[in-house]
Amino acid sequence: MRNSMTKFFYLVLLPAVLTITIPQSASATPMEFLTNGHFYEIVYLGPTDGPLQSWDAAKIATEALGGYLATVTSAAEQSFLEGLPHFSGAYWAGGRDMTEGVWLWETGPEAGTQFWSGGSGGSTTLPDNYANWFTGEPNNSGNEDYLTWNISSGGAGWNDVGLSNSAMRGYIVEFNQNPIPEPTTMLLLGTGLVGVAGAARRRKKKQA
Ligand SMILES: [Ca+2]
Ligand SMILES: [Ca+2]
Ligand SMILES: [Ca+2]
């Protein structure tokens with residue numbers, strides 16, 4: 001029984017997980033914001049992003065990478081993001097207002113924390129008191145409940161849009177720690193099999 005479960009892990013589960021995670025995380029190198037030690041990447045999916053147009057799909061994609069849709073809680077974090085390599089356009093970030101005018105971060109350590117109250121004439125809220133809406137946003141035009149982080153030659157700012165939007169170019173992923181050295185280690189930690197992987201590596205080293 002134990003043996004067949006181990007076989008299942010190595011022959012079926014692990015290759016499947018690796019197939020899903022590695023090609024996505026290999027797209028660029030996440031960069032560190034020294035102030036909080038978090039890592040970030042602006043993931044560009046192309047001029048039309050096909051299957052990742054929705055905020056929900058982008059949220060799932062970031063979680064599959066071991067991160068989350070970015071939460072931008074200070075001018076310094078916003079400014080750092082503006083300095084990352086990027087193509088012009090709109091990218092999903094981790095906020096939404098499921099109750100109209102009550103904007104919450106839905107991801108990362110800030111999940112459940114409000115950052116804005118009201119519409120375009122509203123105000124920031126504690127604990128961070130930070131938002132960076134474009135002038136006139138969030139306008140909830142036609143019922144817009146999802147946060148986009150936009151950057152172009154005209155400047156950077158936030159806008160509320162619908163769940164799916166053909167103008168989206170990708171998403172911003174934030175990590176609480178560097179995801180790069182061994183992305184598989186994080187997955188193995190979740191399954192309690194990191195010890196097995198470590199032992200395998202040690203065996204390999206001895207042979208070398
Ligand atoms: Ca953040
Ligand atoms: Ca709204
Ligand atoms: Ca809007």
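Thr148 stands opposite Asn159 in strand β9. That pairing belongs to a predicted model. The strands involved are β8, residues 146-152, and β9, residues 155-161. They pair in the antiparallel sense over seven bridges. A hairpin of two residues joins β8 to β9.

**Overall make-up**

The protein has five helices and ten strands. Of its 208 residues, 30% are buried. Take the contacts between residues at least 6 apart in sequence: 60% of them join residues at least 24 apart.

**Strand β2 and its partners**

Strand β2 spans residues 38-44. This strand is mostly covered, with five of its seven residues buried. β2 pairs with β1 (residues 31-33), antiparallel, through three bridges. Met31 stands opposite Tyr40 in this pairing. The β1 and β2 hairpin has four residues between the strands. There, Gly37 takes a positive phi near 75°.

β2 also pairs with β10, residues 168-175. This pairing is antiparallel too, over six bridges. Here Ile42 stands opposite Ile172 in β10.

| Strand pair | Sense | Bridges |
|---|---|---|
| β1 and β2 | antiparallel | three |
| β2 and β10 | antiparallel | six |
| β8 and β9 | antiparallel | seven |

**Helix α2**

Helix α2 covers residues 55-64, and its buried residues are Trp55, Ala58, Ala61 and Thr62. Seen down the axis of α2, these buried residues fall within an arc of 120°, so they line one face of the helix. Gly66 follows α2 and has a positive phi, near 90°.

**The nonpolar core**

In soluble globular proteins, nonpolar side chains tend to be buried together. In this model, the largest nonpolar core has 33 residues. Those with the most contacts inside this core are Leu69, Trp92, Ala93, Tyr171, Ile172 and Val173. Strand β10 gives the most to the core, with five residues.

Which residues does Tyr171 touch, leaving aside those up to four places away in sequence? They are Val43, Ala58, Ala61, Thr62, Leu69, Tyr91 and Trp92. Ala58, Ala61 and Thr62 are among the buried residues of α2. Leu69 and Trp92 are among the residues with the most contacts inside the core.

Conventions: Residues are numbered from 1 along each chain as its sequence is written. Chains are lettered from A and ligands numbered from 1 in the order in which they are written. This is a predicted model: local features need pLDDT of at least 70, side-chain atom pairs count only at pLDDT 80 or more; totals for chains, interfaces and linings use all residues. A residue is buried if 20 or more other C-beta atoms lie within 10 Å of its own, exposed if 12 or fewer, and partly exposed in between; C-beta atoms are placed from the backbone. Two strands pair if DSSP finds at least two bridges between them. Two residues are in contact if their C-beta atoms, placed from the backbone, lie within 7 Å. The arc is that of the directions from the helix axis to the C-beta atoms. A nonpolar core is a set of buried Ala, Val, Leu, Ile, Met, Phe, Trp, Tyr and Cys residues joined through C-beta atoms within 7 Å.
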